[in-house]
Amino acid sequence: MGKKVKEEKKAPPDDVFDTLAVESRQAGTVVLMLSSPEEDVQSKACEAIYKFVDKCDENKKQLLDLGAGEALLKLMQSEDRIVRRNACMAMGVMTANPDVRKFLRKREESVPAFIQLLAPEEDTVVHEFSALGLSNMATEFSSKATIFEGGGVEALVKCLNSSDPDVQKNSVEALAQLLLDYQSRAAIRDADGLNPLLELLKSEFAIIQKLSLLALDRASQDSENRSALRELEAMSLLIDFVAHPEWNDLHVMAVMVLSNLLEDIESLELIKETGGLKRLVALITDQVPPEEEPKAGTGKGEKKAGSRAAKKSAKGSKSGKKEESEKEEPPPGEAIIPTLPDVKMCAAKAIARSAKSAENRKILHEQEAEKMLIHLLSHESTDVQTAAAQALGIMSENLLSKDSIREWEGMQPLIKLCGSENGDVKEAATLALANLTSGNSSNCQEVSTLNGVETLIHLLADLRDEAVANACCVLTNMATEEVLRSELQGKGVVTALMEPLKSQNTRVQAKSSLAVAAFVCDADSRSEFRNAGGIENLVLLLHSGNDEVRRNAAWALAVCAVDEPTAIEICKLGGMDLLQEIQVSGTRKNPFAEVALERLLDANLSAKYSLTGQLSSTNLIEDGFYDAGQIRPNTKFMSIEDYCKQELNDKRPILFINAKADPVATQSASNPELEAKESSKTNVSGKSSRTGREGKGGRRRASMIPDDDRKSKNKEKEEKQREEELQAQLQKEAEVLASMENQPFNPPTDSNLVKYIEEVTERILPLATPNEQVKALAQFVADKMGGSIDKGQLPNFSWELPLSQVKFELKSNVIPIGKIKAGIHIHRALLFKTLADRIALPCTLTRGEYNRAWNEVMLTETTQQPGAPKFPPRCFIVDLIHQPGQLMRSDSPEAVNYKKL
């Protein structure tokens, strides 16, 4: 061995600075080192800053205030790879701070610097932190646009294929943020980024799977992206994903992506052909997927294995769950593991979302999607029950689905859910029942068979407004069947509808009004509704500002106004005035209010004649009719009782029709007279007896009592007696008045009209033809009203004075028509119409101007020749004034003159 020679170290050159090891504990010093020309110092300073900012968020803000942002941006573009890497690491971490992002948005070179570092030649670490920076920057919309314009989507898509999971995670997170903008959704498709996203579903890391599902959910909101995903068999991959029980926390997001894809009918047809829909339904309902028969030569070996696995699982399920738990990692489909409630809820919502299209509903029905939804109704989770009921409600818009749901026993769980304590469940269940019973009598009958009537009636008093409105819809649908309507009426549905009518919710008001219209179609139910105070609630709804509420309330009033008592009640509560206001209004006018007003007037002919001045031949005048004269549309119409209570005035009298005998009134009128006579008799007899006794005893005491004292005592006794008699009389009068007030109102009777009717029935009714009856009746009316009047002599005919005398005699403004002995057009036409209606002679009554009124009849023109052709009847006006019984063609000059002054 040779001798070791000591190696001599060469001294550094004189012009080179000796190496200096610096230890710094101040961030400001390190920031200054970023400006050093030495790359080694720059890289070490960047590395120190990275470690410092990674500790807490306050450090990021501190370094930004010290000016580190400008220096790091420059170093990110350095030629040295290590400097670029360390600067990118530091800046990528700092972007988590909002102030740093605000600083970077003001620098145009910041986003391009990050995108440039995503180039393939850069290190994996650089890719990781530059993607992190872009992910943080993409949280603001303005930065999204900048990244998109700088080509950031394409660069991030390339990073998805990286082998480093951190690069994948940051890249897919950045893309998920960018996909909130519709421009990026088209860009990721053009950059072929959908397939890498699907590949990331197979990642070992759950966060990557979650972010890729989030990106797919946002990307699949674009129709063209959905088409591209169908070509990539995304639905099969997603269903396979749901089949993995170990990923159950991500199943919700997978089903959300499927929900987007199932919006298109092409996706439904594809999943139908591949059998994926039935497989998804089986997974959601925790059942074994159905066995599929693969075709030879199609290369679907995986499906064969899956079907064999399904058979094994079906056999193994009988042995229990113990053997399944012993297996460490069973393949998908080998063991049935229940999906989470959130997954079931999202699956039901996906079906509901897809079923909004009629074509989609048809395909879903063919795949028996209703069975899955019915199965989910029995789940313990209220969210699942709500979603399933909502989906069934949408599916039931398909006519075939309505029958299928009933056949698959889906009605019973829905009725059961109507009694749930959860408001959302009740609302969804009642909505489904409302759609199922709409136009389907079998489903209506099924609700009754399953004892759902009591539940629905009980729901009318529920606090949940939407549930009440839906229950009203179901009851309205059931009311179309007469048997069910009678059953519901017997169980008190009419009275139960009082509560929802008082609701403040406009939808409840509208639906309950419609339900009332469906149930008050017979006299008994209308009477029950009227006695319960329902008319007042309907009238109040006419004030509503909601068009639907006003329309439905008007329709309900139109149904109620068929009979006279209800029509009178509506008028008393101001319903007629409100309907008139609605018809006059330009914005609130609707045909339902017009129908209601017509029905109301047909049931209250007095109001109809006063408002319209017209009674048709079908409007028969009965007892209780009165002519109050023409009133303006906005004037309140008063009842006959109100007119009778008015004091006598000089206005036009009220003509009243009443041929009824009123024995109650006569008895009440005779009772006060008898009492008055009896009281007068007792008063007279009392006085005579007292005076007789005083006369006998006065002689005996005359000698004992002085005359002045005796006179004063007699006066005192007489005054006391008078006071007692006066008090007794006032008390009796008060009792009589009180008894009269308690008695019901009795309108004045008309004995003359009774005689007229008897006479007309005996003399005119037996006549052979209507022409003869009209002429005879016209002559009869003219004779009773003062006879015929020559033309030109009508102004000289005295009829006002006799009418005033009758008013004075009756001490009332209401005059029975039979009391009038001198009348003109308005009196004679009314009497003619009254008598004609009693003998079934059709005629009209029309009011003109200036006390004119006339009757029109439809008659055929008689011919002498027996073989002459017969023509249809024509309209004639009956002359009751000048030539009683003359028939004038309605369009003739004579008729025109008869109707005018």
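Which residue in β3 is the bridge partner of Y626? It is F656. Keep in mind that this is a predicted model.

Let's stay with that sheet. Strands pair through backbone hydrogen bonds, either parallel or antiparallel. Here three strands make an open sheet, in the order β2-β3-β4, and the pairing is mixed. β2 (626-627) and β4 (814-816) are the edge strands, each with a single partner, so one side of each has no neighbour in the sheet. β2 and β3 (residues 654-656) run antiparallel and are joined by two bridges.

Now a side chain from β2. Opposite charges on side chains can pair when the charged atoms come close. D627 makes a salt bridge with R652, with the closest N and O atoms 2.8 Å apart. R652 sits in the loop between α43 (640-645) and β3, while D627 is in strand β2, so the pair ties together parts 25 residues apart in sequence. R652 is partly exposed, at 31%.

By the rule used here, the model has 38 salt bridges. Take R507 and E466, whose closest N and O atoms are 2.9 Å apart. R507 lies in helix α35 (residues 506-519) and E466 in helix α31 (residues 465-478), so this pair ties together parts that are 41 residues apart in sequence. R507 is partly exposed, with 27% relative accessibility. E466 is partly exposed too, with a relative accessible area of 27%.

Next, a pair within one helix. R763 and E759 meet in a salt bridge, 2.6 Å from N to O. They are four residues apart in helix α46 (residues 751-763), which means about one helical turn separates them. R763 counts as exposed at 52%, and E759 as partly exposed at 25%. Salt bridges can also link up: R101, R105 and E140 form a network.

What about charges on the surface? E716, E718, E719, E723 and E724 gather there in a patch of negative charge. One of them, E716, is in helix α45 (residues 707-742).

Back to strands. A second open sheet has three strands in the order β1-β5-β6, with antiparallel pairing. β1 (614-615) and β6 (853-854) stand at its edges with a single partner strand each, so one side of each is left without a neighbour in the sheet. Two bridges join β1 to β5 (residues 845-847). Which residue in β5 stands opposite Q614? That is T846.

Then look at β7 (residues 856-859). Its covered face holds V857 and L859. Its uncovered face holds E856 and M858. Four bridges join β7 to β8 (residues 874-878), and the two run antiparallel. M858 has C875 as its bridge partner in β8.

Last, two helix residues. F529 is in helix α36 (residues 523-531). F529 is buried, with a relative accessible area of 0%. Its C-alpha atom is 6.6 Å from that of T495, 34 residues apart along the chain. Q116 is in helix α7 (residues 110-116). Q116 is exposed, at 56%.

Conventions
Residues numbered from 1 in each chain as written. Predicted model: local features only at pLDDT ≥ 70, side-chain atom pairs only at ≥ 80, totals over all residues. Heavy atoms only, no water. Patch = residues over 30% accessible without salt bridge, like charges linked within 9 Å, V, L, I, M, F, W, Y side chains within 5 Å. Areas by Shrake-Rupley, 256 points an atom, 1.4 Å probe, with all protein chains shown as cover. Salt bridge = Lys/Arg side-chain N within 4 Å of Asp/Glu carboxyl O. Lys, Arg positive; Asp, Glu negative; His and termini not counted. Charge placed at Lys NZ, Arg CZ, Asp CG, Glu CD. Pairing = 2+ DSSP bridges. Buried < 20%, exposed > 50% of the residue type's maximum accessible area, 1.4 Å probe, protein only.
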